[in-house]
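Hello,

Here is the structure we talked about handing over. My notes follow it.

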Amino acid sequence: MSEQQRLESTTPTGQGPRQRSGVAAILEAATSWSLIPILAVLTGFIISAIFIVVTDPAVWAAWDEITTRPGFFFATAWRSVATAFGALFQGAFGSPYALSESLVTSTPYIFAGLAVAVGFRAGLFNIGAEGQLFMGALASVYVGYAVTGLPAFIHLPLAILAGMAAGAIWAGIPGWLKARTGAHEVVNTIMLNYIAYRLSDWLLNGPMKRPGPDGRPGWVPITPEVLPTAWLPRFFDEPLRLHWGFVLALLAAVGVWYLLFRTNFGFEMRSVGTNPKAARVAGMRVALVTVAAMAISGALAAMAGVSQTLGVDRWLGQGFSAGYGFDSIALALLGKSHPAGVVAAALLFGFLRSGATRMQSAAGIPIDIITIVQALVIIFIAAEALIRKIYRLKPAAERTQEVFTRGWGSA
Amino acid sequence: MSQLQPVGPVSADLLEEAAPVVEPKRWGPVVASVLVALAIAVLFIRVVPDGVVTTFRMAGGQGAAARVAPWVIPSRPGLVVLALFALAMAVWAYRAPRRANLALGLALLSFVGAFLIWAAAGKSLNLLAMLQSTLVRAVPLTLAALSGVMCERSGVINIAIEGMMLTAAFGAVLGTTLSGGSLWIGLLVAMLTGLLMAWVHGVLSIKYKVDQIVSGTVINILAVGLTSYLSGRFLQDPAFNWLNRAGTFAPVKIPVLNRIPVIGPLLFEGNFFFYLTIALVIGLSILLFRTRFGLRVRAVGEHPRAADTLGVNVYLMRYAAVLLGGVLAGLGGAYFTIGSVGRFDEQMTAGRGFIGLAAMIFGNWTPAGAFGASLLFGFADSLQTRLQILGIPIPSEFLLMAPYIVTIVVISGLVGRATPPAADGQPYEK
């Protein structure tokens with residue numbers, strides 16, 4: 001335990017809570033651990049709010065009258081933000097349906113965030129979650145509709161495993177290339193994303209295209225419907241769509257935590273991530289760890305697609321993924337690559353995105369504002385000094401001691 | 001091979017001293033070239049029947065002088081010649097390791113030629129139109145690659161080219177329409193937009209020492225968010241969509257020269273961006289390898305501490321290089337809108353920034369190499385549109401994958417490992 005903690009404190013992205021004793025210590029640890037992320041999210045929101053105001057034509061009109069009616073300008077600006085964020089919160093929490101939808105949206109986020117986090121821990125930057133998710137969804141949907149006559153307790157796990165295998169292979173390729181040739185996984189995973197899009201275009205227009213009602217090839221590039229035996233069961237009746245995928249996602253988080261912090265292989269992964277040279281000298285299998293970490297990451301990313309197709313859509317069409325790949329990077333950074341942090345961040349983003357859908361329809365604010373929030377959040381977390389400067393917090397001490405001394409103004 | 005070559009009369013002596021060193025053989029390019037020859041034999045020679053001919057037309061351009069008789073090649077003998085050529089390149093790559101990348105490039109070119117002969121066997125293909133579209137598609141890739149060369153020579157990895165280009169593409173449209181239709185102001189705004197994004201990258205990665213990959217990724221995400229938001233908010237709103245009607249730079253025909261057959265319509269009827277790109281390739285080669293500024297930039301990218309000791313301001317050099325890279329990416333972004341289609345579409349750069357990055361690596365971090373690699377990628381890109389017309393039995397989706405697969409092959413060094421600047425990606429702490 002102590003050895004692992006020491007390693008943790010030197011891991012670039014990993015700062016676990018220090019436990020001293022008693023509730024107070026735990027509380028203190030929790031605050032210090034989450035202070036920067038909370039401030040980062042807050043700042044991201046404030047800047048986005050300003051952005052919404054600045055780009056609102058109604059506010060421009062009010063600005064023209066600022067000398068005669070200053071109050072009107074501020075009222076308009078306030079209304080602009082309040083309408084947007086009001087709709088956002090309505091859409092995220094406002095009703096049982098909204099709540100269920102938010103959790104449904106969070107589910108792929110948890111998987112995708114865990115995928116990137118596992119990569120980060122092993123020193124790998126997997127930007128290819130999007131492509132892996134696509135390949136996973138394609139494979140599981142294929143098994144879901146093409147394999148017939150199986151009972152649900154075989155068919156469903158089979159579909160899930162097929163998806164995970166596809167994702168693991170798709171991520172394993174850049175992992176292997178990295179281990180074998182040193183090629184940077186960032187560019188390769190991005191390229192594999194584009195290849196996955198093209199491949200899915202081809203599959204959805206060809207071999208996997210849903211036949212028309214008369215049995216001839218159909219017109220729409222979507223897959224046939226997944227058989228009910230491969231559905232992830234839902235908890236409630238229509239229209240609530242919360243499904244077992246959410247529980248699987250939470251279990252995956254626990255599993256990742258166990259793998260990373262309670263197994264030898266997890267220790268090896270984190271050592272390679274912290275200092276591959278030292279790990280090699282210590283006799284660790286760097287190449288194997290690199291490939292395995294990418295494969296695990298890919299399997300998790302695939303689960304994001306699998307849970308969405310088997311739990312919610314039950315078929316697959318073009319443009320199926322809503323940018324989970326890039327969002328997942330923000331999630332892993334926000335959650336500091338710790339499974340618990342990733343789950344919290346994924347819930348936050350899930351509620352945000354779910355609410356933003358309503359914001360788009362009710363207040364006319366493009367959903368892409370969420371992407372801006374995400375980018376800002378990553379900036380502020382990555383450049384922690386920036387946040388500390390804005391809020392006049394004490395600068396972080398040296399990396400190795402950081403974990404012990406971080407706190408709100410107290411050393 | 002040292003990246004820090006001394007400039008001036010000293011270099012001759014040093015080179016003589018270094019000459020006896022035996023270059024290690026590089027097997028990657030040799031094996032790859034042999035594979036290319038085998039592939040031509042198995043994939044094409046085997047399936048093309050005897051006696052079939054391939055016709056390459058050179059239609060395009062104007063005037064009687066620009067018209068050339070079509071080029072008729074007997075398919076099978078043509079393929080055999082190309083296969084032998086690829087084998088010769090394998091031998092050359094073995095004999096001259098320093099030229100191995102070039103040899104492999106030529107071998108790949110012969111594969112592409114073989115592919116065309118096979119695809120158009122018994123039919124006719126407009127080669128000139130294809131070469132024209134190759135050049136057109138190579139322009140944004142080259143500009144992206146040049147941006148990468150500039151940044152990475154100073155030791156800052158720039159995977160944010162994609163985002164810089166996307167925002168600049170947007171800026172170019174807005175600059176043009178808001179200024180009442182001046183494309184030059186649009187161009188200026190695009191350059192400034194690229195500069196601004198590069199400044200963010202510089203501050204994050206040089207000042208705050210954020211991981212350069214994270215910083216680049218953030219800029220890419222921010223670029224997608226900003227442009228898609230503004231596009232959704234304004235460009236798609238009927239009240240504001242006049243903002244998206246920017247128009248494009250017209251082709252500039254260079255008199256007399258454009259009447260040369262084949263070469264004329266190919267090289268002397270391009271639009272402004274084409275000439276600009278050629279000028280920048282030459283200009284940056286001189287800037288990086290023949291000026292004091294270039295030497296300092298490269299020194300900072302190779303060994304910042306040594307450069308610092310000699311009184312070079314590492315931070316200043318890196319900022320300068322990154323900002324210049326941003327301007328180049330801005331020009332590349334402007335190409336997407338006011339250089340080609342005249343309007344902005346969400347995520348219109350579609351990964352070109354990353355392909356430019358691959359071109360930079362394949363081109364061994366030099367402007368001329370980057371241009372050559374971009375031509376190759378541009379060709380792969382233009383293949384699919386042309387080949388669809390011929391109706392060959394490969395689904396278009398797979399042809400669309402070609403540039404991405406080539407990128408992976410290149411990046412993974414199956415082609416022979418390239419040497420990045422030694423301090424690439426390392427933040428400098430004084």
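Where is the place of Pro239(A)? Pro239(A) sits in the loop between H8 and helix H9 (244-262) of chain A. Helices here are DSSP runs of H or I with at least four residues, strands are runs of E with at least two, and both are numbered from the N terminus. The peptide bond leading from Glu238(A) into Pro239(A) is cis, with omega near 0°.

Before you read on: this is a predicted model, where local features need pLDDT of at least 70 and side-chain atom pairs count only at pLDDT 80 or more, while totals for chains, interfaces and linings use all residues. Residues are numbered from 1 along each chain as its sequence is written, and chains are lettered from A and ligands numbered from 1 in the order in which they are written.

Now the contact between the chains. It takes 33 residues from chain A and 36 residues from chain B. Two residues are in contact if their C-beta atoms, placed from the backbone, lie within 7 Å. On the chain A side, the elements giving two or more residues are helix H7 (152-181), helix H8 (185-205), helix H13 (324-334), helix H15 (369-382) and helix H16 (384-390). H8(A) gives the largest share, ten residues. By type, that side of chain A has 23 nonpolar, seven polar and three charged residues. Nonpolar means Ala, Val, Leu, Ile, Met, Phe, Trp, Tyr, Cys and Pro; charged means Asp, Glu, Lys and Arg; the others, Gly among them, are polar.

Next, chain B. It has 16 helices and three strands. Its radius of gyration is 23 Å, close to the 22 Å that the globule rule gives for 430 residues, so chain B is as compact as a globular protein of that length. The radius is taken over C-alpha atoms, and the rule is 2.2 Å times the number of residues to the power 0.38. Chain B is divided into domain 1 (22-127) and domain 2 (135-384 + 402-410); such bounds come from an automatic or database domain assignment. The centres of the two domains, over C-alpha atoms, are 31 Å apart.

Last, two residues of chain B. Gln347(B) has a positive phi, near 55°, and is not a glycine. Its loop runs between helix H13 (314-341) and helix H14 (352-362) of chain B. Asn364(B) also has phi near 55°. Asn364(B) lies in the loop between H14 and helix H15 (367-390) of chain B.

Best wishes
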